[in-house]
Amino acid sequence: MVELEFHGGETVVATESSAGGDSIVCEGDANQEPCEGMVFDSPDAAKAFYDEYARRIGFVTRIVSSRRSERDGSIISRRLACNKEGFNLNSRKIGRVRIRNRESKREGCMAMLLVKREKVGKWIVTKFVKDHSHPLVISTGVKERPTPAEFSKTRLCTSAYVEALQDEKDKRIQELSSELNRANRRLAACREQLQTFMKLVEDHTQRLSGTVNEVVQNIREIESEDQKPQVGEVPPFPNPYPNQPFQS
């Protein structure tokens, strides 16, 4: 029997011959590859083992087919294979409409694992094809769960970053407030200068108006003095015949 379990990150794999011989237990052996004769408790256990093997050497698995019992409909065999197994046509035609499929990633890879259910309820590997028809790429995109120390460090770095952003924000607010206060002081000074200038203009206008009034009054007084007869001057004798020239 083969079981793949995880106890605190440690893989435990146990193997037993299909004939019921002595079992060999290998603790921490994560490099074991599938082989014909391996026995699993369920098809899911077989898939989990094959998925782990695929992840380790650099390919992705998929369930190609499953066979069910005609008696009760339960699964009696399952074929697991590389996701590049088989081929896809570039297009297919439905009626008069031709539909283009997306680019196929299948390359006709023959790597596969076939498990069948025995009468005792165990699942045995009856066929295993190891070789692939394409390069294998080990994925490094899976991130492991951070340790408590790493998580604490990340949290501290995040807190420090947030505090730095807040300090920068407060500093910027203080700078803007100082600029606003300086602008308000300059505006108040300009307003005061403008009010002083308007007061000077108003005073000058009043003095100029008073001067103009004095000049006009003086002119009127001079004209009035000119119209009065001087002392010792005889006023002219009125003409009794206005239609005839006056003769002295």
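Which residue takes a positive phi in the hairpin of strand 9 and strand 10? That is Gly 121, with phi near 95° in a hairpin that has five residues between the strands. Helices here (H or I, at least four residues) and strands (E, at least two) are DSSP runs, numbered from the N terminus.

## Model and confidence

This is a predicted model, where local features need pLDDT of at least 70 and side-chain atom pairs count only at pLDDT 80 or more, while totals for chains, interfaces and linings use all residues. Residues are numbered from 1 along each chain as its sequence is written, and side-chain values use heavy atoms, with hydrogens and water left out.

The pLDDT (the predictor's confidence in each residue, from 0 to 100) averages 76 over the chain, and 64% of the residues score at least 70. Over residues 1–30 the pLDDT is below 50, though this stretch still has 53 contacts in the model beyond near neighbours in sequence; contact means heavy atoms within 4.5 Å. Where pLDDT is low, the predicted coordinates should not be read in detail.

## Overall layout

The chain has two helices and 10 strands, and along the sequence they read β-β-β-β-α-β-β-β-β-β-β-α. Of its 248 residues, 17% count as buried, where buried means under 20% relative accessible area, exposed over 50%, and partly exposed in between (1.4 Å probe, protein chains only). Take the contacts with a separation of 6 or more, and 41% of them come from residues 24 or more positions apart.

Five strands make an open sheet in the order 4-10-9-6-5, with antiparallel pairing. Strand 4 (39–40) and strand 5 (61–68) sit at the edges with a single partner strand each, so one side of each has no neighbour in the sheet. Two strands pair if DSSP finds at least two bridges between them. Strand 4 and strand 10 are joined by two bridges, and Phe 40 has Trp 123 as its bridge partner in strand 10. Strand 9 and strand 10 share six bridges, and here Arg 117 stands opposite Trp 123.

Ala 81 has Met 112 as its bridge partner in strand 9, and Arg 79 stands opposite Leu 114. Strand 5 and strand 6 are linked by seven bridges; Ser 66 partners Arg 78, and Arg 67 is opposite Ser 77. The hairpin of strand 5 and strand 6 has six residues between the strands, and Gly 73 takes a positive phi there, near 80°. Strand 6 is mostly covered, with six of its eight residues buried.

## Helix 1 against the sheet

Helix 1 packs on the sheet and touches strand 4, strand 5, strand 6, strand 9 and strand 10 (123–129). Its direction makes about 10° with that of strand 6; axes are lines fitted to C-alpha atoms, for helices over the stretch in contact, and angles run from 0 to 180 degrees between N-to-C directions. The buried residues of helix 1 are Pro 43, Ala 46, Phe 49, Tyr 50, Glu 52, Tyr 53 and Ala 54.

The geometry checks out too: the 15 residues of helix 1 (residues 43–57) should span 21 Å at 1.5 Å a residue, and the end C-alpha atoms are 21 Å apart, which agrees. The expected span is 1.5 Å times one less than the number of residues.

## Two buried loop residues

Phe 59 is in the loop between helix 1 and strand 5, and at 8% relative accessibility it counts as buried. Setting aside neighbours within four places in sequence, Phe 59 contacts Tyr 50, Tyr 53, Ala 54, Cys 82, His 132, Leu 136 and Val 137.

His 134 is in the loop between strand 10 and helix 2 (148–227) and is buried as well, with a relative accessible area of 10%. With neighbours within four places left out, His 134 contacts Cys 82, Lys 84, Glu 107 and Cys 109. Phe 59 and His 134 are 75 residues apart in sequence but 9.6 Å apart in space, C-alpha to C-alpha.

## The coiled-coil stretch

UniProt places a "coiled-coil region" at residues 166–200, in an unreviewed entry. UniProt positions are given in the numbering used here, feature names are shortened, and annotations may be inferred rather than shown by experiment. In the model, residues 166–200 are 100% helix and 0% strand, with the end C-alpha atoms 51 Å apart.
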